[in-house]
Structure formats: C-alpha cells, structure tokens
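I opened this one to see what the fold looks like from the inside out. My notes follow in the order I looked things up.

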Amino acid sequence: MKRPMALAEVILELYEEELRENALRCLSNYLNERRELEPEKYSKAGFFVFHACGIMAILLQEVLSAYQKMETGNLNIRSSKRLANVLTLFQSIAANKETRGKLVDAHIPNYLVPFILFENTEDYIENVRAICLSVFGIIVQAREAEIIQWALKSNIVDVCLHAIEIGNELSKVIAMHIIESILQDNCGISYVCESTRPVLGNLLEICKQLVLVSVGEQDLSPRLLFHIIRFYILLCNNSRALDLIKDNLPPTLLDNTFHAITEEFPVINQLLNQLLLNVGKAEEVDIKDRTTTVYRHAYCQSKSISLCPSTPLIPINMNREWSSAVSHSPISTFSGKEN
C-alpha cells in the first residue's frame with residue numbers, strides 16, 4: 001500500500017477470491033490509518049470502492065456468506081474479522097457525502113440489520129454488532145432529510161432499541177447515538193412520539209430499565225447515563241413525550257443517586273439540570289450553578305471518555321486490538337477513545 005496506485009491495485013485484488021481476504025485486510029488497515037490523519041484520502045477511498053465495477057456486489061457476497069455462517073453457528077473469530085474488514089469499507093462509503101446517499105438508495109445497509117438483531121453475546125459477535133451499528137451511525141449523523149426518511153421506513157429505531165436491550169455498552173452507546181440523530185429531525189421525533197406504534201413507550205421503558213438495573217447493580221456507565229438524559233431532553237421537544245416523561249421519570253434521576261458521576265462529569269450534571277428544568281422538577285432538586293459552555297467543552301476534551309453532544313461518530317477500528325480471544329471491544333466513538 002506504499003507504492004503509487006497501490007490502492008487501486010488492492011481494490012482489483014478483490015476480484016480474485018484467493019486474494020480477497022488479504023485485500024480486505026489491507027484496505028481496512030489503509031482506511032483505519034487515514035481516517036483521522038488524512039480524512040480526504042479516507043473519503044476518496046470510499047468513493048473509489050463504491051464506484052469500482054462489481055465491487056459492491058462482491059462486498060454484499062461477503063456479507064451474505066458471513067450471515068450464513070452466523071445462522072449455522074460457524075461464524076468464528078477469523079470470519080468475523082473478515083466481515084469487520086468489509087464493514088470498514090462500508091464505513092468509508094458512508095462517510096463520503098457523494099456516495100452516502102447512493103449507498104442508502106441501494107438499501108445496502110439493510111443487509112447489516114440481521115447482524116445487529118442476532119441474539120448472541122459472544123465478544124466477537126458483539127464486535128460485529130457494534131461495527132454494523134457504526135455504519136448506520138455514520139449514515140444518519142449528518143441528519144439529511146432523505147436519509148432520516150429511509151431510516152424511519154427501514155425501522156432503524158426499532159433495530160437500535162433491540163440493540164440497546166441485548167448489546168454490550170459499546171453497542172448501546174452507538175445505538176443511542178443513532179436514535180439521537182433521528183430525534184433531532186422533525187420527521188424523526190414525530191415518528192417516535194406520534195406514531196400509532198408503541199415506539200415512544202418502548203424507548204421510555206428501555207431508558208427507565210437501564211437506570212433501574214444499573215442502580216441495582218451499582219454500575220451505571222457515565223456514557224450510558226449521558227445518553228439516557230440526552231434521550232429525555234430531546235423527547236421533551238414533543239408535548240406528548242414531555243407529558244409522559246413528567247409522569248414516568250425514574251426517581252433516581254431526582255435524588256442524589258448519581259451524585260458521584262455528576263461530580264466527576266460536569267457536562268452530565270448540566271444535562272441533568274436541563275432535564276429537571278424541562279420537566280418542572282427543578283424546584284424539587286438542589287440544582288447547582290451551571291458551568292460555562294467553554295469549560296464544558298474543555299472538560300470533555302480532557303477526559304478519556306468523550307461526552308460532547310455535538311461530536312460526530314468516528315468509524316470503529318475493529319482490527320486494531322483483536323486478539324485470539326477477543327478479550328475486549330476496542331472503542332473509538334465520538335471524539336475520544338477508551339481502552
């Protein structure tokens with residue numbers, strides 16, 4: 001990948017079945033190396049992959065092959081790594097504004113839904129679930145109207161709710177990020193809050209259960225608490241949802257249960273204060289003075305865990321820390337990293 005035209009040469013190797021696995025690995029490594037240091041080259045690579053004749057069909061063939069292995073219980077670590085390399089290419093295509101819409105128009109991301117819904121909590125399956133979700137996250141984070149409409153028609157909200165229920169923390173965080181992007185669109189929040197389907201009720205119940213279960217286990221991740229509160233704040237923009245939140249807000253958000261977390265992460269404290277003001281509970285709680293926005297962003301950047309609401313979802317590098325046992329899920333979401 002160091003010589004001129006190496007990118008094009010490796011893309012051509014995808015046509016040869018015996019060279020494909022290595023070519024996928026090389027392309028994935030190339031993209032992971034350039035997505036932050038050379039974003040323009042990263043974006044162009046996605047453009048080249050998408051427009052190379054027959055390559056999208058080859059990538060879909062890889063996805064379907066992995067799905068068959070998953071259904072028969074034969075998706076092992078090596079197969080999941082190969083699939084992760086394919087998904088890395090989808091990430092770069094989704095990140096390119098010229099190919100993102102075409103990817104969606106072809107409904108190619110919909111082929112990833114079964115991997116998200118698959119109820120298996122093995123580490124390597126969770127890694128696949130997370131990177132599939134990240135493809136959707138990159139697609140919707142620009143909040144383009146046509147793409148939000150596609151997400152609603154494809155029931156991506158329901159898919160994400162299922163991922164929040166069964167997935168690990170990384171999958172939960174990315175799924176929440178996707179729903180937040182949808183909630184910031186007028187059609188998206190109307191779909192969630194005004195639909196005859198029980199989407200809003202399911203979302204509120206999942207948030208409530210996350211809080212209650214975490215309190216019982218005394219182990220609530222600051223990232224999850226951040227996104228739960230963000231859910232509530234975004235839903236407060238709809239009058240129907242606001243009324244339901246006022247009557248069903250978990251009591252642990254009103255007392256000092258999360259005092260340690262709000263002390264350590266002022267941005268969470270600010271969000272919680274905002275939520276309490278939105279639902280008219282501010283007088284019942286001793287709310288501290290808010291810190292300034294400048295301090296909030298400086299604080300976020302100083303922490304190993306990024307909590308800023310406006311930061312984008314960065315593609316996940318699933319190969320960087322793969323081990324034979326896949327002992328943990330590598331994380332590279334939003335603007336920070338946590339190992």
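**Helix α11 and the overall fold**

I started with helix α11 (residues 169-183), which has 15 residues and reaches 21 Å from its first C-alpha to its last, close to the 21 Å expected at 1.5 Å a residue. That expected span is 1.5 Å times one less than the number of residues. Helices here are DSSP runs of H or I with at least four residues, strands are runs of E with at least two, and both are numbered from the N terminus.

I kept in mind that this is a predicted model, where local features need pLDDT of at least 70 and side-chain atom pairs count only at pLDDT 80 or more, while totals for chains, interfaces and linings use all residues. Residues are numbered from 1 along each chain as its sequence is written, and side-chain values use heavy atoms, with hydrogens and water left out.

Next I checked burial (buried is under 20% relative accessible area, exposed over 50%, partly exposed in between, with a 1.4 Å probe and protein chains only). In α11, 14 of the 15 residues are buried, so the helix is largely enclosed by the rest of the structure.

I followed Val192 and its contacts (heavy atoms within 4.5 Å). Leaving aside neighbours within four places in sequence, Val192 is in contact with Val157, Leu183, Val199, Leu200, Leu203 and Leu235.

**Arg197**

Arg197 sits in the loop between α12 (186-194) and α13 (199-217). I found it partly exposed, at a relative accessible area of 35%. Not counting residues up to four places away in sequence, Arg197 touches Asn155, Asp158 and Tyr191.

**Cysteines**

How many disulfides are there? I counted 0, taking a disulfide as a pair of cysteine sulfur atoms within 2.5 Å. Cys236 is buried, with a relative accessible area of 11%, whereas Cys53 counts as exposed at 65% relative accessibility.
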